[in-house]
Amino acid sequence: SSEKFPYIPSSPYSASKASSDHLVSAYVRTFKIDAIISNCSNNYGPRQFPEKLIPKMIYNIINNKALPVYAKGKNSREWIYVKDHCEALYKTLIKGKVGSTYNIGSGKNLYNIEISKNLLNVAKKYVKIQAKTKIVFVKDRPGHDVRYALNSNKVIKQLKWKPKTNFKDGLKKTFDWYLNNQNYFSSLNKKDISKRLGLKK
């Protein structure tokens, strides 16, 4: 999707994010606030909360747990290394036009099953893969979108930004950070790592 595509949220989670963009746009128009909206593809990298796919998989690999993958792993996402995203945000801050929206993505789209297999391949170089560490398919989230993909031509052309981090290199950096900073996991509630947040009770 480009910045011109309509918002059609498919879950309360995505609707809450869409509504925040609409509120900002309304304040820019009504009260002339100095604001820019950015929409990014899925981030990955050090220090990410382990409810998210990549850090959760890394935690499970390190701790000999199964790797849960939604719906046969056919959901696909576009992935951007966190440092590249931060650099893009800085560009929009310095050079972006007030009231504009910018998509920020890498163009690197992968199935979730590919992410899991890539992580296992990276992990083999650092740790021994144990018996329980294998991919298992679990029930998909309600309202879960099959694919996320962004057209980032606007930010690339207008603000002269482009992602620098190769996905394979970024994944290695990410795994290495979590492996060498396992105290990060111990600082969190284990329930927040092992359970999916936001479930209806």
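When I speak of contact today, I mean heavy atoms within 4.5 Å, and by helices I mean DSSP runs of H or I of at least four residues, with strands being E runs of at least two, all numbered from the N terminus. What we have here is a predicted model, in which local features need pLDDT of at least 70 and side-chain atom pairs count only at pLDDT 80 or more, while totals for chains, interfaces and linings use all residues. Residues are numbered from 1 along each chain as its sequence is written, and side-chain values use heavy atoms, with hydrogens and water left out.

Let me begin with helix α4, residues 112-123, and helix α6, residues 167-180. On the α4 side, Ile115, Asn118, Leu119, Val122 and Ala123 meet Phe167, Leu171, Lys172 and Phe175 of α6. Sorted by class, these residues are seven nonpolar, one polar and one charged, where Ala, Val, Leu, Ile, Met, Phe, Trp, Tyr, Cys and Pro count as nonpolar, Asp, Glu, Lys and Arg as charged, and the others, Gly among them, as polar.

Now to the core, by which I mean buried Ala, Val, Leu, Ile, Met, Phe, Trp, Tyr and Cys residues joined through side-chain atoms within 4.5 Å, buried being under 20% relative accessible area with a 1.4 Å probe, protein chains only. In the largest nonpolar core, which has 26 residues, Ile54, Leu119 and Phe175 touch the most other members. At least two residues of this core come from each of α2 (53-62), β3 (67-70), β4 (76-81), α4, α6 and α7 (183-186). Apart from it lies another core, of seven residues, including Ile80 and Trp161.

Methods
Axes are lines fitted to C-alpha atoms, for helices over the stretch in contact, and angles run from 0 to 180 degrees between N-to-C directions. Buried means under 20% relative accessible area, exposed over 50%, partly exposed in between (1.4 Å probe, protein chains only).
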